[in-house]
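Please read the following note alongside the sequence and the model.

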Amino acid sequence: MSYDPLREWQERYSRNGTRLGFKPETDAPFYSSVQAICNSPRIVRSTLSPGLLFRDRKMIGDGDDNVSLVVSLGRTLSVSHRKREACLARNEAIIMQADAPGSAGTKQQFAVLEVSIAQREWEARNARPSDALMNVIDRNSQTLALFLGYIRALAKTGLPSAAKARQLVCRHLIDLVIFAATEPSLGESQIDCVVATRRAAVLDYITSHFCDPNLSGSRVAEKLGISQRYLQRLLETTGKTFTEHVDELRLNRAFSLLVTAGANKRVSDIAFDVGYSDLTNFYRHFRSRFGDTPKRFAGSAPTDMSQGR
């Protein structure tokens, strides 16, 4: 049997999302990718050749009546469902339901993210998916932005391995999707899913920018559109302050650089590279963390960074 890339895509996608078909825009070679992100709720990302995703009446016979958030991750996406038409710009979303025909596509390569959620999850949160069907969720929606940021953070860290923690993350994902469809702005809410998402965004930002010597709590809060007091409350739930998170990352990076390149690089250069602008402060924190001076580890064999206090 000859290899059929379109059939392979359809089988891979249906294992992780809604059963769909695809009609290529041209006779050019078909190409695609499928990335399963979560299985409960079912979250899948796919990149596709120009063409049309569709779910027809024959496919509806599979009995799937889940409600899906569909996000356009690239090009403008034309959507048709329940006798309504819509156009999604990049990072805009729409709600569709698997129990009725629908389509989404474009004449250029595109990427979509689908989150498929059982109707009972909506009902458990006193939400009516019928009220949200085919309503475009604008890219400026704070709740949608929180959800997409959470997905990006999970793509880096993966889902927790512990069953209870994984279940909690899955619940937060469902909550965020339903809030995205019903509440465009949640502000500095204390709702569990919002706290978890904003905390993940703060930690992700710190991890990506800790080498910046000008990194500060106020700067992170400004970048993420929250108050500094709210940021402090978010970090309190981790058991560490903003400064402690930054110092831990900087010191671990410094340790790694010392043992791999320390013999060929000055300690002061390494300190500056990881974000310290005060050498005295760096030496004091390093000795406190690892129990000895940086020079002790320069050019040595790799050592467990957990040593020391």
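1. Of the contacts in the chain between residues at least 6 apart in sequence, 67% join residues at least 24 apart; a contact means heavy atoms within 4.5 Å. The model is predicted: local features need pLDDT of at least 70 and side-chain atom pairs count only at pLDDT 80 or more, while totals for chains, interfaces and linings use all residues. Residues are numbered from 1 along each chain as its sequence is written, and side-chain values use heavy atoms, with hydrogens and water left out.

2. The chain holds 13 helices and 10 strands. Helices (H or I, at least four residues) and strands (E, at least two) are DSSP runs, numbered from the N terminus. The C-alpha trace spans about 70 × 50 × 35 Å along its principal axes.

3. Of the 309 residues in the chain, 44% are buried, that is, under 20% relative accessible area (1.4 Å probe, protein chains only).

4. An open sheet is formed by five strands in the order 2-3-10-5-8, with antiparallel pairing; two strands pair if DSSP finds at least two bridges between them. Strand 2 (32-39) and strand 8 (93-97) are the edge strands, each pairing on one side only.

5. Within this sheet, strand 5 (residues 67-72) and strand 10 (residues 110-117) pair in the antiparallel sense over six bridges. Ser68 stands opposite Ser116 in strand 10.

6. Helix 6 (residues 163-182) packs on the sheet and touches strand 2, strand 3 (42-48), strand 5, strand 8 and strand 10. Its direction makes about 105° with that of strand 10; axes are lines fitted to C-alpha atoms, for helices over the stretch in contact, and angles run from 0 to 180 degrees between N-to-C directions.

How values were computed:
Buried < 20%, exposed > 50% of the residue type's maximum accessible area, 1.4 Å probe, protein only.
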